[in-house]
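Hi,

Here is the structure I said I would pass on. Have a look at it first, then read my notes below.

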Amino acid sequence: MALDKEVFKEELKQRLRENYAMELEDASKQEIFYALGALVKARYSDAWRDTWKYYVDKHKKQVYYFSIEFLPGRMLKSNLLNLGLLDTAREALTDLGIELDSLAEVEKDMALGNGGLGRLASCFMDSIASCGLPGNGNGIRYDYGLFKQRFVDGYQVELPDEWLQSGNIWEIRRESKAVDVRVGGRVYLAETIEGKLKPVYENERILRAVPYDTGMVGYENNVVNTLRLWSVEIPDSEEDKYQSIQGRRELEDLTAVLYPDDSNEHGRLIRLTQEYFFVSAGIQSIIRHYKKRVQKPISNLSEYISIHINDTHPALCVPEMMRILVDEEDLSWEQAWDITGKVMSYTNHTIMAEALEKWSIDLMRRTLPRMYQIIEEIDARYVQTMRELHPHDLVERTRIIRNGQVHMAHLSIIGSHSTNGVAKLHSDLLKSVVLHDFYIIYPDRFNNKTNGIAQRRWSQIVNEPMSNVLDETIGKTWRKDSGDLKLLMNYQSDQAVLEKLAEAKKINKQVLADYILETTEIEVSADAIFDVQIKRLHAYKRQLLNLLHIIKLYQDIKENPDLDMQKRVFIFGAKAAPSYHYAKVIIKCINEAANLINNDSDIKDRIKIVFLPNYNVSLAEKIIPAADVSEQISLASKEASGTSNMKLMLNGAITLATLDGANVEIRDAVGDDNIYIFGLTEKEVYEYYENQEYSAHQLYDENPIIRRVLNAFIDGTIPNIVYEGREIFDSLIKYNDEYFLLRDFDSYVKAQEEIDKAYGDQIFWQKMSLINIANGGRFSSDETVRRYAEDIWKIEPKDSFVTEKG
Ligand code: GLS
């Protein structure tokens, strides 16, 4: 796929002429970006077609990753990198007087996800293609991505994210592949002439699902898989029913917005319809493909198809597959059930109780009547089978329909052959606590697959200065095989290498400092410690604990103006779900504390707080390479895995963490000396739950530092938070501090003091940083998807093949 720089320039100019009828000199950045995008897309279109043809011709088993969220961010540089064109493009553009990085900024983030769950799905798409695995994504093409966040008077304000406004260069609308999805109405079973029971639909609504396909380009391997996102339209046959604009709008609204909640249930009809819409469209198109192209008996489906249920949102895959196999393909229930279980697998992404999705029977029955009938049947048969094997109460607790609700996690576990958690600790907690009942029933179904990250994006693309040092030091093999980062361990005492890495970090910090100044008008020094907490705003993630420590530092300096400490910039990036009041209160408090502290001359710039608005993938790409400290401070047991922890360590930040989620594995990777661990363990947290001995009030009474810090929220120390400050105070004292912030406060402060000391010894710090980079390789999503492929999906990578072009 190599492309000469001169040819590249000519092609780009040619595209501009063809698409915009203009010369490069007259083109805007936007026009050049779109011409470049078209050029890049043309470079992989043959490989895309050939990959698909190869899978079909070779009868390759394929996995379909069903996810209600995908969060790819910008794709230009990643496509260029994977096509081996990044350097050529950069040089060619430079010759033309254009800077690639500034051109890349034209692309709107594809933000069809909330946070870690959606980003993981996109890291997997990259890795599945890069490992040459036959795998495709299936999701929803929301017209509006996750809201844009602004701060007004310190409050979060949400604006619509019109990411499609100027079009999306990467997608292809495939109208010929549209399918119909039926919702609502009434369904009853009637006997056919052959004496079979078949569903009859009455007054249902038909939605037309139109797919938009995006190529998922593998890293230098000629593999291009497909991410298929569905959009709703009115089918021609139904046009008459939608004569009013309002009626059309209502229907089209179905795929208009991504629900802006992370790990909370949305008791909304639209959400349930969204879930069914992309599940039904996806499975229908898989079956159509299977019959038309694979051309094997439907009873062999599981030999060719694997479907992954990413969290419970696509759990309707189970009854929808049953519907198609029984109602449309005329299989017996038993046969269909056997196939469905073999095809489906499920990942659980959280232990937060409120996130375990449930729908009321009434809503399910009204919205998706045939689905409900099938779920009822699955449930009845489950109870019947299990009653003979297990105690009554265990069966009752694990059945799908309970207490007037349909339990989607139960449906996912019962209807699939594999349930996995996303980090060792999380998977253990699923077995021992959260899904313990199911573990008794199906011990063999449970397994762990620790999350991973698309390493090439999170090192090569976002951190060129570091990547260059790595190339000079250990050669370039790490770019393809991140396990080779380990070679860096040989240089942990090499002062020259340590210094070069430190210089690279400094460059990144200066770039971020400039960005901070430009967007927030806050001036920060690149010599300060950049202490970073970037993730959704959630009480369990404990951004508030971070703030409590900052206030303590502030008060310490006020009390002792000459306090000797390293300069620190505390950097936050976080969106709160619009309906999550408490999270928004925390945002306001952080912003007001920032106002106070950043403008207090006594502080002499020793502390700065920067809350960067609109945290998204592109912003993460700016922050992560510049981070010194990675705050992973959730209450132990609450964060299923985390993935920013992995990205930050790979970029040489030192992790400050509780033993939660994947932090435990990061500690194992770098060793106790290269990470700062504090706080309760997950066992201690559960002990508190059992003995109910925790008293935040007592800590407040007994610990003068905690008292002073908390009082700052209600005594006017932090201005403009009369109501918010009281709410925070009450949540900790009156409502007994649900996430044990005060219990972990002392050990957190101590860990922060150690960090302050360690940073003073730059050689010591740089060595820790190097060890983190060197051990980051193990969290590559290439490795993660290979394990899914081998253990769960049973799919194999393609043998190497070349396309016509290459
Ligand atoms: C999440 C978890 O909260 C994260 O810990 C995890 O890293 C991520 C991917 O597995 O999934 N679950 C969720 O609902 N949102 C997440 O980010």
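This is a predicted model: local features need pLDDT of at least 70, side-chain atom pairs count only at pLDDT 80 or more; totals for chains, interfaces and linings use all residues.

**What I found**

Strands β20 (residues 529–534) and β21 (residues 568–573) run parallel to each other and are joined by six bridges. Residues are numbered from 1 along each chain as its sequence is written.

A few words on terms: helices (H or I, at least four residues) and strands (E, at least two) are DSSP runs, numbered from the N terminus. Two strands count as paired if DSSP finds at least two bridges between them.

**The sheet**

Back to that pair: Ile534 has Gly573 of β21 as its bridge partner. Both strands belong to an open sheet of six strands with parallel pairing, in the order β22-β21-β20-β23-β24-β25. Which strands stand at the edges? They are β22 and β25 (676–677), each with a single partner strand, so one side of each has no neighbour in the sheet. Helix α22 lies across β21 and β22, at about 145 degrees to β22 (axes are lines fitted to C-alpha atoms, for helices over the stretch in contact, and angles run from 0 to 180 degrees between N-to-C directions).

In the loop between α22 (581–598) and β22 (607–611) you will find Ile603. Ile603 counts as partly exposed because it has 19 C-beta neighbours inside 10 Å. The cut-offs are these: 20 or more other C-beta atoms within 10 Å of a residue's own make it buried, 12 or fewer make it exposed, and anything in between is partly exposed, with C-beta atoms placed from the backbone. Leaving out neighbours within four places in sequence, Ile603 is in contact with Tyr554, Ile557 and Ile597 (in contact means that the C-beta atoms, placed from the backbone, lie within 7 Å).

**A lysine to look up**

UniProt, in an unreviewed entry, lists Lys647 as "modified residue: N6-(pyridoxal phosphate)lysine". Its positions are given in the numbering used here, feature names are shortened, and annotations may be inferred rather than shown by experiment. Lys647 sits in helix α24 (residues 644–650). Is Lys647 buried or exposed? Lys647 is buried, because 29 other C-beta atoms lie within 10 Å. Not counting residues up to four places away in sequence, Lys647 touches Ile453, Trp458 and Ile624.

**Two domains**

The chain is divided into domain 1 (58–74 + 109–449) and domain 2 (455–680 + 753–781), with bounds from an automatic or database domain assignment. Their centres, taken over C-alpha atoms, are 35 Å apart. The contact takes 40 residues from domain 1 and 31 residues from domain 2. On the domain 1 side, the elements giving two or more residues include β2 (70–73), α6 (116–130) and α16 (424–434). Of these, α6 gives the most, with seven residues.

**Around α16**

The buried residues of α16 are Leu425, His426, Ser427, Leu429, Leu430 and Val434. They pack against β18 (419–421), β19 (446–448), α25 (663–670) and α26 (682–691). Leu435 lies in the loop between α16 and α17 (436–441), and Leu435 is buried because it has 25 C-beta neighbours inside 10 Å. Leu435 and Ile351 are 84 residues apart in sequence, yet their C-alpha atoms are 9.2 Å apart in space.

Cheers

Key:
Two residues are in contact if their C-beta atoms, placed from the backbone, lie within 7 Å.
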